[in-house]
Amino acid sequence: MEIRLRGSIRLQTLPPYLFAELDRKKEDTEASGREVLDLGVGDPDIPTPRPIVEELRAAVLDPATHRYPSYRGSAEFREAAAAWLKKRFDIDVNPATELISVIGTKEGLFHLALAIANPGDYVLVPDPAYPVYANAARFAHATPYPLPLEPPDFLPRLDLIPDDVLEQASLMYLNYPNNPTSATATREFFRQVVEFAHKNRIAVCHDAAYSEIYFGEPPPSILEIEGAMDVAIEMHSLSKTYNMTGWRVGFACGNQDLVEALATTKTNLDSGVFVAIQRAAIKAFSLYDELTGPIRDTYRSRRDVIAAALDEAGFAFKRPDATFYVWFEIPDGFRGGSVEFAGQLLERAGVLVAPGVGFGEHGEGYCRISLTAPDDVIKRAAEKLAAYRA
Ligand SMILES: *Cc1c(COP(=O)(O)O)cnc(C)c1O
């Protein structure tokens, strides 16, 4: 007997995968014995700090961690996260009602759309962006409405969204410091967002995954803004802050109704974060000052190495103040798009970057360099980039 596998309508809403050709080029290059300096993927190369690993090791040995976790995160985890928010942003979030654990923010971001968007709704999503926002909207049978992020500040123009879209919009995603553009948002911008959300009765989900990867002023939380707790939910991840992408832990916080809707959705489809990992996360919060400084220093020096190389080769870009990405323009006069440019860079320089169009149509014309490769790879890639001539 054969199963009847038609594939769900949901899966059919997902856009086609654009990078098959580039993936093949990477494999061919490696197969031919040439080294590929991979600056394409944003996944920290540095191990998780030792004290966090040690805490996990001890926690795993305690059988109390082996049972189902609480759906919302342990009281200790939620209190530690709320205390960290207080210390870092001076915001007051009730750990009992306004904060829950998530199994990585990707999970929380995606399920939030399923929790609050309906068929026929618009979901406002930045473009270029982390692809999760638009695909979550599609899975909810809502329509992603792109908000172009353009230079110089890569902030969306809220005043350009048509009224008929605003009337049908239930949710807006934002992400600052931003992947892929590395832009940061000011408190003034967040004030405008909160006012916009109140006026149009739209929920705002701010993805703060890169809030701790900064090189100047610490970036703000949207929850610092007066009135934000009425309209906003914010996602915080330990993945980038503590080099813990594989561990799958973060938290959602903010408006109680939004947190509750997400919690109800999650209660029906997952069973929370492994208790031992929650204990390790509590350790991470407690060592925030000691552990995060050196991580920032590493990315700052890598940024400087790559920025100098891009300058030397004459690429147009803004030196990032935050995130571990550099967003640069493909050269004037290059015939082709970002996928073709990334292909050429791979062929001529052996350096792999992420084509901007992979983050949305408004990402076309750019490529993204990720600084999450070992220092020696960054150095060699910088030499190749500096010598690159279109
Ligand atoms: C890496 C990243 C995340 C973090 O995802 P986790 O699921 O917490 O590991 C979230 N948002 C953006 C934009 C990212 O780049």
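**View 1. Strands E11 and E12 pair in the antiparallel sense over two bridges.** The model is predicted; local features need pLDDT of at least 70, side-chain atom pairs count only at pLDDT 80 or more, and totals for chains, interfaces and linings use all residues. Residues are numbered from 1 along each chain as its sequence is written, and side-chain values use heavy atoms, with hydrogens and water left out. Strands (E, at least two residues) and helices (H or I, at least four) are DSSP runs, numbered from the N terminus. Two strands count as paired if DSSP finds at least two bridges between them. Proline 355 stands opposite cysteine 367 of E12.

**View 2. An open sheet of three strands runs in the order E9-E12-E11.** Its pairing is antiparallel. E9 and E11 (354-355) are the edge strands, each pairing on one side only. Strands of a sheet pair through backbone hydrogen bonds.

View 3. Arg296, Thr323 and His362 supply 20% of the area that domain 1 buries against domain 2, more than any other three residues.

**View 4. Arginine 296 forms a salt bridge with glutamate 212.** The closest N and O atoms are 3.9 Å apart. A salt bridge here is a side-chain nitrogen of Lys or Arg within 4 Å of a carboxyl oxygen of Asp or Glu. The count between domain 1 and domain 2 is one.

**View 5. Glutamate 260 and arginine 72 join their side chains in a salt bridge.** The N to O distance is 2.7 Å. This pair links distant parts of the chain, 188 residues apart. Glutamate 260 belongs to helix H11 (residues 256-267), whereas arginine 72 sits in the loop between helix H3 (50-60) and helix H4 (75-89). The whole structure holds 26 salt bridges.

Notes: Buried area is the accessible area (1.4 Å probe) that two parts lose on being put together, summed over both.
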